[in-house]
Amino acid sequence: MSLSSTSSTSSSGTVIPSNPLESLGLPSPLILGSGSFTRKLILGEMNIPFHLLVKSIDEKSIGDRMTDPRNLVLTLAKAKADHLVSELSKSNSDLTLPPATTTTNSSDEGWIILTADQVVIHADYEGVLEKPESIEEARTFVKSYERSPPSTVGACVLTHYPSNLQVLGVDSATIHFSASQLNKYNNAGQEDLIDQLLSDGAPVLDCAGGLMVEHPLVQDCVDHLEGTQDSVMGLSKDLVWRLLSEMKEKLSLQE
């Protein structure tokens, strides 16, 4: 995507100012509490300066994976934020925050922390699909996508530190695959899609549901999306922009 010096347009058509932090007068850089390559890529496309600061949590021990996926991803994204804030607040913390700048002299000082989580849901499975635990499980996931479309459910939480003000939201998208395109990989003598992705170095086991919709091999199999590609990739630009705007409003009320 080509970005102008003044604004960019999300895949849903929303016009987002170039460097939303500067546009809203929020502290910069953003603190990214996620090691996801695609989330870093999306923030870069939005011209949002960020500083990576990640503290892992035991995700498997948190939340109910058999009921509401929206509640699960919100719970996990919030838990990541709360853990990071807790670590930053320790007097002996090994985490270092970068100098923050803002275009305003107000309560907007401090840092904005972004944490996120995503799962995949599918009609064939009870509960959610997370990162596949094996190559065979990834193959099983992809085979099911021939029968019906998977959907991604992703949460984003913004936390202002040190005030602990939070805003949060969820975005979802559905990926309709072409069964004929997926089936072409099952012909005798051909590698299946997962094999080809692995041969190309794609981190299949690091993607919820084994999905990498941004990869050319996968894109070739997609018929159409309900939602946006950035949402499928793990971070909706529209949602980030909306939450940053909400955070600005909340902080303004503190002045």
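1. Three elements, α2 (37–45), α3 (69–89) and β5 (111–121), each supply at least two residues of the lining of the largest pocket in this predicted model. A pocket is an open set of points on a 1 Å grid over the protein atoms alone, where a 1.4 Å probe fits, with protein on both sides within 12 Å along at least five of seven lines; lining residues have an atom within 4 Å of a point.

2. Residues are numbered from 1 along each chain as its sequence is written, and side-chain values use heavy atoms, without hydrogens and water. As the model is predicted, local features need pLDDT of at least 70 and side-chain atom pairs count only at pLDDT 80 or more, while totals for chains, interfaces and linings use all residues.

3. The volume of the largest pocket is about 1000 Å³, a volume being the space filled by probe spheres set on the points, which are joined across faces, edges and corners. Which residues lie nearest the centre of the largest pocket? They are S36, R39, K131, D206 and C207, out of 39 lining residues. The lining divides into 18 nonpolar, 10 polar and 11 charged residues. Nonpolar covers Ala, Val, Leu, Ile, Met, Phe, Trp, Tyr, Cys and Pro; charged covers Asp, Glu, Lys and Arg; the others, Gly among them, are polar.

4. The second largest pocket has a volume of about 170 Å³. It is lined by 13 residues, and V128, L129, E130, E137 and F141 are the closest to its centre. Its lining holds 6 nonpolar, no polar and 7 charged residues.

5. The count of salt bridges is 14, each a side-chain nitrogen of Lys or Arg within 4 Å of a carboxyl oxygen of Asp or Glu. One of them pairs K60 with E130, with the closest N and O atoms 3.5 Å apart. These two are 70 residues apart and link distant parts of the chain: K60 is in the loop between β4 (50–52) and α3, E130 in the loop between β5 and α4 (135–144). With a relative accessibility of 53%, K60 is exposed, whereas E130, at 16%, is buried. The cut-offs are under 20% relative accessible area for buried, over 50% for exposed and in between for partly exposed (1.4 Å probe, protein chains only).

6. Two other salt bridges lie within helices. E136 and R139 meet at 2.5 Å, N to O; being 3 residues apart in helix α4, they are separated by about one helical turn. R139 is partly exposed at 22%. In helix α9 (residues 237–253), E246 and R242 are 4 residues apart, again about one helical turn, and their N to O distance is 2.7 Å. E246 is partly exposed at 29%, as is R242 at 38%. Salt bridges with shared partners join E136, R139, D192 and D195 into one network.

7. The largest nonpolar core contains 50 residues, and L114, Y145, L158 and F177 have the most contacts inside it. Such a core is a set of buried Ala, Val, Leu, Ile, Met, Phe, Trp, Tyr and Cys residues joined through side-chain atoms within 4.5 Å. Its largest share, 7 residues, comes from α9.

8. Beyond its neighbours within four places in sequence, Y145 is in contact with V120, H122, L129, P150, F177, L182, G209 and L211, contact meaning heavy atoms within 4.5 Å. A second, separate core of 11 residues includes V119, V128, V153 and A155.
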